[in-house]
Amino acid sequence: MARQAEGRLVKAALALIRGRGGRPFKIQGGMDSYQEVGIPDILCCYRGMFLGLEAKQPGEKLSPKQQLVLDEIVAAGGLAQAFTTVEEVADLLTYVEEWSSIEDLASYTDRSRRSNSRSFGGPD
């Protein structure tokens, strides 16, 4: 049941990103997959920014590998976030639309790294 709900969440996030002019890519992982473990559910280019988005049901935690990959995306200059609602994705897209300088973005990313949340690069 949780997988179906997570699938609907990813589908809604993909539609939101496309509707706002982004180009998302749905990543299908799994133990039988040939792709690297920990890649976020959605990779996206939005207004020139690389985003990694990992869908989670409320109360579900990131695996250590998922956390590591989100951290690596942020360290490389992108934004990465675990999300439980489409509104969280919308907030991140709005942030990307509104940041006025690369210094603002760096400050925002550093602040989110210091937090104890599952999100990296997402709004406070």
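Is Lys65 buried, partly exposed or exposed? With a relative accessible area of 31%, Lys65 is partly exposed, where buried means under 20% relative accessible area, exposed over 50% and partly exposed in between, for a 1.4 Å probe and protein chains only. The structure is a predicted model, in which local features need pLDDT of at least 70 and side-chain atom pairs count only at pLDDT 80 or more, while totals for chains, interfaces and linings use all residues. Residues are numbered from 1 along each chain as its sequence is written, and side-chain values use heavy atoms, with hydrogens and water left out.

Four helices and five strands make up the secondary structure of the protein chain; helices (H or I, at least four residues) and strands (E, at least two) are DSSP runs, numbered from the N terminus. Along the sequence, these elements follow the pattern α-β-β-β-α-β-α-α-β. Of the 124 residues in the protein chain, 42% are buried. The accessible surface comes to about 7100 Å², and carbon and sulfur atoms account for 54% of that surface; the areas come from the Shrake-Rupley method with a 1.4 Å probe, and for residues only the protein chains shown count as cover. Contact means heavy atoms within 4.5 Å. Among contacts between residues at least 6 apart in sequence, 60% join residues at least 24 apart.

Attention now turns to the interior. A nonpolar core is taken as a set of buried Ala, Val, Leu, Ile, Met, Phe, Trp, Tyr and Cys residues joined through side-chain atoms within 4.5 Å. The largest such core has 18 residues, and those with the most contacts inside it are Ile17, Ile42, Leu51, Leu53, Phe83 and Val89. Two or more residues each are given to this core by helix H1 (2-19), strand S2 (42-46), strand S3 (49-55), strand S4 (79-83) and helix H3 (86-98). H1 supplies the largest share, five residues. A second, separate core of seven residues includes Val69, Val74, Ala80 and Ala82.

The charged pairs come next. The structure holds two salt bridges, each defined by a side-chain nitrogen of Lys or Arg within 4 Å of a carboxyl oxygen of Asp or Glu. In one of them, the side chains of Arg20 and Glu97 meet at 2.8 Å, N to O. Arg20 lies in the loop between H1 and S1 and Glu97 in helix H3, so this pair ties together parts that are 77 residues apart in sequence. Arg20 is partly exposed, at a relative accessible area of 25%, and Glu97 is also partly exposed, at 30%. A salt bridge also joins Glu36 to Lys65, with the closest N and O atoms 4.0 Å apart. Since Glu36 lies in the loop between S1 and S2 and Lys65 in helix H2 (residues 64-75), the pair ties together parts that are 29 residues apart in sequence. Glu36 is partly exposed, with 47% relative accessibility.

The loop between strand S1 (23-26) and S2 also holds Gly38, which is buried at 13% relative accessibility. Neighbours within four places in sequence aside, Gly38 is in contact with Lys65, Gln66 and Val69. For Leu68 and Gly38, 30 residues apart along the chain, the C-alpha separation is 7.8 Å. Leu68 is placed in helix H2 and is partly exposed at 39%.

Asp41 is found in the loop between S1 and S2 and is buried, at 12% relative accessibility. Not counting residues up to four places away in sequence, Asp41 touches Glu6, Val10, Phe25, Lys26, Ile27, Leu53, Glu54 and Ala55.

A few local features complete the description. Arg23 lies over the face of Phe25, at 4.1 Å from the ring centre; the criterion is NZ of Lys or CZ of Arg within 6 Å of the ring centre and within 35 degrees of the ring normal. Arg47, in the loop between S2 and S3, has a phi near 50°, a positive value in a residue other than glycine. At 57% relative accessibility, Arg47 counts as exposed.
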